[in-house]
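Subject: the structure we talked about

Hi,

Here is the structure I promised to pass on.

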2 protein chains.
Amino acid sequence: MPRFKAETLEEISEKIFISYGAPAERARLVSKFLVKANLCGHDSHGVIRVIQYVKAIEEGYLKPDAKIDIIRETETSALLRGNRGFGQVVAKRAMELAIEKARKKTVSVVCAFDLYHMGRLADYTMLAAENDMIGISMVNSAPSVAPYGGIERLLSTAPISYAFPTGKENMFVLDISTSMCAEGKVRVSLHKGEKLPEGFIIDKNGNPSTNPKDFYEGGTILPLGGDLVGYKGFGLGLTVEVMAGILSNDKCAYEAGKKGNGVFFEVININDFIPIERFRKRIDALIRRIKSSKLRAGFKEILIPGEPEIRRERVNREKGIYIPERTWNEIVEIAKRKNIDINAFIDEALSK
Amino acid sequence: MPRFKAETLEEISEKIFISYGAPAERARLVSKFLVKANLCGHDSHGVIRVIQYVKAIEEGYLKPDAKIDIIRETETSALLRGNRGFGQVVAKRAMELAIEKARKKTVSVVCAFDLYHMGRLADYTMLAAENDMIGISMVNSAPSVAPYGGIERLLSTAPISYAFPTGKENMFVLDISTSMCAEGKVRVSLHKGEKLPEGFIIDKNGNPSTNPKDFYEGGTILPLGGDLVGYKGFGLGLTVEVMAGILSNDKCAYEAGKKGNGVFFEVININDFIPIERFRKRIDALIRRIKSSKLRAGFKEILIPGEPEIRRERVNREKGIYIPERTWNEIVEIAKRKNIDINAFIDEALSK
């Protein structure tokens, strides 16, 4: 099982994107975010996407050197058109703009449309938290989720992210889909030949299923809350569609030809409400009290949103990132086509 | 079973609050919002609260004529201190301020602290939607929910609300707790002697329970997502604590002496992103497509957030609002103490 240093994967990915026409800085940014996902344990958003992105470039959909246009702008808001550029590039630009505006005007909303896949939301909301602000994001994408009571794919997994600065505690970073699970989870179960927990998906006829294959044969993921209170997850998912698919000027999940992400970003400058040092102390105290709760049987500890990722990253930086053989072979194949000498990387990787 | 016209209940409630020192305009506002909750089918937030509010006034906690202070303010934000005034009065003022600021500056956040119970979030977010804007609210309150993996009451039911203007379709108004259910639901089950669905609560030892009594004997409500994916609801609930309990300068649910609501309001002026008429058309199209989904067995239709309340209100306006005997008797008792002649109301009510 090949394990790689994060830097190695970043370099390989970077070289591939450059060979496909991406400016060096963009190739580096996209690669960094993809590898960051692997580091955090979210392999579905990791370097496996290099294969998909390259295909999208070859098909002429993804434009690695696209210009980013600001369509509308006020002191507190902006609407960006990505012109089918890398989602990571457009989204980072959008979040930086939002941070800049919130620094001056307390609150800001920046939306973006017509961009490709942008990866994990946490990467962007954390930028705000690193600047002593609250970062908020909602993103929609292609449809995979049924409305509560329905059996058609009409909503996306519609993730929401919030990131908050802390004092001594780990940063509080929530990044969750508003469905029972992300599509990546279904795919991983399929590849591993495992069953899904009950309540995650239904088959094309609306019958409960634990077989991930049923999802890919016309089934759907259920909204967060499942049979019992799925109207809550459905309501949140529909909210994301409106914020990230309509307000953003992008497409809704159900609309024909929906590709990439519609993006809603918001930033709030904490210091204009309460002093940031007081905020840090109080969020630390909240986290500590929550973590000190008496536990239910079967639980070893209470994890704050963002903690599992921090721990996984520590391990993966130390031990290297495991990339499945098949994914690795496809990446090597792409590199070969572009005459990228991958041997140096491979040697270094395998010696790890 | 006494049924009452909405206007009758409003008048009685109004007279009671005035007799307890509330300025007429405030008494009217609070009464209107309480009766609105009854109309919408959320009796736990209805006139039953008159009894609780009167008690809070008698105890000297709730100040019916409290001044509202603006502690901090920017062009796009404000922080309000309610000085233990009626939550409805403080919250409506906060939302109106947010709407005014968003009209001028596209986006606004207004937080409020030190206020009493404010009722349903939807009442405030809808004000924004009625003004062609997006209304957002998060509110915390006393603790009743356990963190994912814990068995202590450390979080509130932490509701979130979003309201969006539409064109021909009903207004899309989401107003949900981020726990498996609101506390009102547990109380209703207790009073009716019914069991709760599995997965809503655990008893004081962390064992699953369907007996609402177990909640009132030290048990807790579980976060949205339950055993399977309760970390999602937990993450959302914790987010609400930070936004409505810390950024707002209020208390977190776990802190001693937490009473009333901490409030986070946000308003976004749609027209600064896309023309409002285009927004209306697209949200209408989204709603229609979702509602036309093929249905799962056991479902008759797909309801958009806010629809059940609109339907219930239509029925209750027509047939009157049912108030349980015990609640009614307690309200009559309060009126008598204040020499309010309730007979005219009662006759009118019962003749309905």
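Before anything else, one term: two residues are in contact if their C-beta atoms, placed from the backbone, lie within 7 Å. You'll want that for a helix of one chain that sits on strands of the other: α8 (residues 226–247) of chain A lies across β6 and β7 of chain B. Its direction makes an angle of about 135° with β7(B). Please keep in mind that this is a predicted model.

**How the two chains meet**

How many residues of chain B are in contact with chain A? There are 62 of them, and they touch 62 residues of chain A. Several elements of chain B each supply at least two residues to that side, including the strands β2 (69–74), β3 (77–85) and β4 (107–115) and the helix α9 (276–291). The largest share comes from α8(B), with 10 residues. If you sort the residues on this side of chain B by type, you get 37 nonpolar, 14 polar and 11 charged.

The two chains are also related by symmetry. A rotation of 180°, with 0.0 Å of shift along its axis, superposes chain B on chain A with an RMSD of 0.0 Å. That is the relation of a two-fold axis. Which C-alpha of chain B is nearest the axis? It belongs to B:G225, 2.6 Å from the axis. The same surface serves both copies, as 100% of the contact residues of chain B recur in chain A.

**The sheet in chain B**

Chain B has an open sheet of 7 strands, with mixed pairing, and the order is β2-β3-β4-β11-β5-β6-β7. At the edges stand β2 and β7, each with a single partner strand, so one side of each has no neighbour in the sheet. From one strand to the next, the twist averages 10°.

On one side it pairs with β5 (residues 133–140) of chain B, in the antiparallel sense and over 4 bridges. In that pairing, B:S137 stands opposite B:S161, and B:G135 has B:A163 as its bridge partner. β6(B) also pairs with β7(B), again antiparallel, over 5 bridges. There, B:A163 stands opposite B:V173.

Is β6(B) enclosed or open? A residue counts as buried if 20 or more other C-beta atoms lie within 10 Å of its own. By that rule 5 of the 5 residues of β6(B) are buried, so the strand is largely enclosed by the rest of the structure. Both of its faces are covered: B:I160, B:Y162 and B:F164 are buried on one side, and B:S161 and B:A163 on the other.

Another helix to find here is α5 (residues 122–130) of chain B, which lies across β5, β6, β7 and β11 (262–269) of chain B. The angle between α5(B) and β5(B) is about 160°.

**Over to chain A**

Chain A is divided into domain 1 (1–61 + 320–352), domain 2 (66–179 + 222–307) and domain 3 (181–219). The centres of domain 1 and domain 3 of chain A, taken over C-alpha atoms, are 28 Å apart.

Now look at α5 in chain A. 8 of its 9 residues are buried, so this helix is largely enclosed by the rest of the structure. Among the buried ones are A:Y124, A:M126 and A:L127. The buried residues of α5(A) pack against the helices α2 (24–39) and α4 (87–105) and the strands β5, β6, β7 and β11 of chain A.

**Some backbone angles to check**

Most residues other than glycine have a negative phi.

A:N83 lies in strand β3 (residues 77–85) of chain A, and it counts as partly exposed because it has 15 C-beta neighbours inside 10 Å.

For A:N339, phi is positive and near 55°. You'll find A:N339 in the loop between α11 (325–337) and α12 (343–351) of chain A. With 7 C-beta neighbours inside 10 Å, A:N339 counts as exposed.

Happy browsing!

Key. Residues numbered from 1 in each chain as written. Chains lettered and ligands numbered in written order. Predicted model: local features only at pLDDT ≥ 70, side-chain atom pairs only at ≥ 80, totals over all residues. Buried ≥ 20, exposed ≤ 12 C-beta atoms within 10 Å, placed from the backbone. Nonpolar A, V, L, I, M, F, W, Y, C, P; charged D, E, K, R; others polar. Pairing = 2+ DSSP bridges. Axes fitted to C-alpha atoms, helices over the stretch in contact; angles between N-to-C directions. Least-squares fit on C-alpha atoms with pLDDT ≥ 70 in both. Domains from an automatic or database assignment.
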